[in-house]
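Here's a quick briefing to read alongside the model. Have the sequence open while you go through the points.

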Amino acid sequence: MNQLHTPNASRNQETGRLSFMSQVSRVSSDRVLRGGPSRRRARRVSGPISIFLPGHCTFSSVSALSAALRSAARRAAPAVLAAALLPAMTAAPAFAAVHDDKPGKQPQPPARMSGVGGAQLGKPGTQVSLGAGAPVLPKDVSGRSWIVADAESGEVLAAHNAHWKLPPASTLKMLFADTLLPKLPKDAVHKVTDAELAGVGEGSSLVGVKEDHTYSVHDLWLGVFLRSGNDAVHVLAAMNDGVEKTVEDMQAHADELQALDTTVVSPDGYDEPGQVSSAYDLTLIARSGLQKKDFREYASTVTAQFPGEQKKGKPRETFAIQNTNRLLTGADGVSPYQGIAGIKNGNTTHAGSTFTGVAERGGRVLLVTVMNPSSDEGQAVYKEAARLLDWGFAAAGKVTPVGELVAPKSAELPSSGGSQPVKEGKGAPAEPVAAAHAGSGGMGIALAVMGGVLVLLAAGGFLVRRRWPLPDRMRRSPRP
């Protein structure tokens, strides 16, 4: 029996509706129910543990594509700018505020924040340096913190309270995935126990994992990325020697990435005292995750089949699950964003709505993060992210960067000189095109993998993958 588990049919991260399906004992949202705090022991982690293994990807400054790849990219994804959504191109002073916080109603950012990525990013308020012909920033952006950055070069085009430490909600699952994906073989199979599901917080979003049933790691990752399933997170954490060990690994990986605003207390982003991240850190984490093929595949999958109940003597049932990222699916009144390729959304009582996304147009790849918009606009976090992406594509090359997304510690080249990035030979293999995950009615997406440009950093021996896959369906869909 196949059922489509859609944002409209059940409660998810950003709605308060509940429905019941035969395969899922409880499907609720990432929003914490009032009066239902988790009783899990909050554990603040100190003391980094290195989990960055040889073969992890980092960053360099070499060119992204050969001429042939650029030509193919242009044919597959022509540049489309939604000019109607951009304000008129008028002069504006640098650092102009996008919105005014009202004292007494909105909390204020710290006067001084982290300077990772550049001193300007540590200043409160909006940071942007407009050049000739650059469009002004959209005025209808109410997020407490946001950032727009070039995913490949690492240049931060504009930011607002970039290093403000705020609750991250399920966007923290990006760090969970970036940490554990290399450690758990995707074809490994695990039988779930009661104990592994006992620590899932009340009110958590669930994909429908059941005790005494077996799941592959691949199935569980689909549950994490598409349905933000805290039940799937806890099972994967159990396979990594438990929640506490996983929290330690995640904190160590955040430190390695120089995501120093991030304190990990729970692996799933569930509200916990002291658990914080920032728009800068979430963007940094997303950039790291997107260099992993499996991360990109899961993040850009629209629908997939998830294992259901196993009845004796019968084939195991499956049911369809749909991604809760509205810019990817076009659900709940949000238009699909052309060129969108994921990544992760979330919502809890303390975090409000959070979202980190990646999109490509005309060969340029941008990352955007929006945290806790105050607007009353429906699905504001997605609409504000779309406006910022529109601005970023229009402003690229016309603004002076206000900072950068730093490389992981392991990727930093010695300042004394000599060691430079070395290109691999012409025979560097490209990744194959990944198969689509079909959903209800045969709908699916093809992940067109652009890349094959690999760069070997002599200092550390890490690989850099400069191009990422994008859903062909999103490329073909014109944005209203």
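This is a predicted model: local features need pLDDT of at least 70, side-chain atom pairs count only at pLDDT 80 or more; totals for chains, interfaces and linings use all residues.

Residues are numbered from 1 along each chain as its sequence is written, and side-chain values use heavy atoms, with hydrogens and water left out.

**The chain as a whole**

- The chain has 11 helices and 17 strands; these are DSSP runs numbered from the N terminus, with helices being H or I of at least four residues and strands E of at least two.
- Of the 480 residues in the chain, 60% are buried. Here buried means under 20% relative accessible area, exposed means over 50%, and partly exposed is in between (1.4 Å probe, protein chains only).
- Take the contacts (heavy atoms within 4.5 Å) with a separation of 6 or more: 71% of them are between residues 24 or more positions apart.
- The chain's accessible surface is about 18,300 Å², and carbon and sulfur atoms account for 54% of that. The areas come from the Shrake-Rupley method with a 1.4 Å probe, and for residues only the protein chains shown count as cover.

**Helix α2**

**Salt bridges around R387**

- The salt bridge count is 11, using a side-chain nitrogen of Lys or Arg within 4 Å of a carboxyl oxygen of Asp or Glu.
- R387 and D140 pair up through their side chains at 3.2 Å, N to O. R387 is in helix α10 (residues 380–395) and D140 is in the loop between β2 (126–127) and β3 (143–150), so to speak 247 residues apart.
- R387 also bridges to E377, with the closest N and O atoms 2.6 Å apart. E377 is in the loop between β11 (364–373) and α10, 10 residues from R387.
- Together, D140, E377 and R387 form a network of salt bridges.
- R387 is buried at 13% relative accessible area, while D140 at 42% and E377 at 28% are partly exposed.

**The K183–D249 pair**

- K183 and D249 form a salt bridge, with their closest N and O atoms 2.6 Å apart. K183 is in the loop between α2 and β5 (189–191) and D249 is in helix α6 (residues 243–256), so the pair ties together parts 66 residues apart in sequence.
- D249 is buried at 0% relative accessibility, whereas K183 is partly exposed at 30%.
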